[in-house]
Amino acid sequence: MNGEILDRMERAVAKVRERLLRATAALNKAKIPYAVVGGNAVASWVATVDEGAARNTRDVDLLVRRDDLPAITSTLEQAGFVYGELLGVVMFRDGAEGKPSEAIHLLFAGEKTRPDHLLPAPEIQTVEDPAKYQVITLESLVVMKLMSNRRKDQVHVEDLIGVRLIDESWLEKLPSELAVRLKLILDTPDG
């Protein structure tokens with residue numbers, strides 16, 4: 001490897017940030033409700049405590065209302081994104097050559113993201129990030145991460161634990177199945 005790899009790494013992070021800011025600015029301007037969820041929401045919450053502990057992610061996940069999809073589509077297409085669906089996921093690639101893995105992915109409030117999820121995605125409840133976009137509340141984010149429960153979701157929960165945004169006191173706030181998942185993460189911090 002040479003020094004160019006650091007430049008590539010930096011560009012990759014900058015591209016995700018640019019897509020996040022362009023999409024949310026367009027939705028803000030159109031007054032369409034949304035919440036940033038997923039890895040960017042975890043990074044936003046973690047950075048409130050320790051910016052160095054925030055992880056990068058490849059895509060942008062947004063929680064929206066299905067009824068707003070026509071307005072969202074028009075708004076994001078005007079901002080240069082291209083509508084598509086892949087494996088049941090509604091997404092907006094960054095231009096015609098954009099990769100699905102780096103797209104804006106939509107999740108729908110009040111609907112199960114996957115059939116095996118215990119609960120539907122929460123309603124849109126947000127706090128404003130200093131970057132002027134709407135981030136899902138911490139409580140809703142934790143529930144979403146525990147519902148998905150993939151390894152990367154477990155790591156995101158570990159990140160929130162690591163900066164002390166969540167702890168054992170959360171066990172009482174969660175449905176029992178999700179509390180069991182959180183307890184396992186709390187009890188096995190090294191995986």
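A crossing of two helices is left-handed if the near helix is turned anticlockwise from the far one by less than a right angle, and right-handed if clockwise. Keep that in mind for the first view. The model shown is predicted, with local features needing pLDDT of at least 70 and side-chain atom pairs counting only at pLDDT 80 or more, while totals for chains, interfaces and linings use all residues. Residues are numbered from 1 along each chain as its sequence is written, and side-chain values use heavy atoms, leaving out hydrogens and water.

**View 1. Helices α2 and α4 make a left-handed crossing.** Their axes lie 11 Å apart and meet at an angle of about 135 degrees. Axes here are lines fitted to C-alpha atoms, for helices over the stretch in contact, and angles run from 0 to 180 degrees between N-to-C directions. The pair is therefore oblique; under 35 degrees would count as roughly parallel, over 145 as roughly antiparallel, and 65 to 115 as roughly perpendicular. Helices (H or I, at least four residues) and strands (E, at least two) are DSSP runs, numbered from the N terminus.

**View 2. The largest pocket holds about 830 Å³ of space.** Among its 34 lining residues, Asp61, His105, Leu107, Thr113 and Arg150 are the closest to the centre. Two or more lining residues come from each of α2 (38-47), β4 (89-94), β5 (104-108), α4 (138-148) and α5 (151-162), and α4 gives the most, with five. On a 1 Å grid over the protein atoms alone, a pocket is an open set of points where a 1.4 Å probe fits, with protein on both sides within 12 Å along at least five of seven lines; lining residues have an atom within 4 Å of a point. Grid points are joined across faces, edges and corners, and the volume is the space filled by probe spheres set on the points.

**View 3. The second largest pocket has a volume of about 390 Å³.** Of its 17 lining residues, Arg17, Leu20, Asn40, Ala43 and Tyr133 lie nearest the centre. Helices α1 (4-29) and α2 each give two or more residues to this lining, with α1 giving the most, at five.

**View 4. Strands β3 (residues 81-86) and β4 run antiparallel, joined by six bridges.** Strands pair if DSSP finds at least two bridges between them. Phe81 has Asp94 of β4 as its bridge partner. Two residues separate the strands of this hairpin, and Leu87 in the turn has a positive phi of about 55 degrees.

**View 5. Two bridges join β4 to β5, also antiparallel.** Here Met91 stands opposite His105 in β5.
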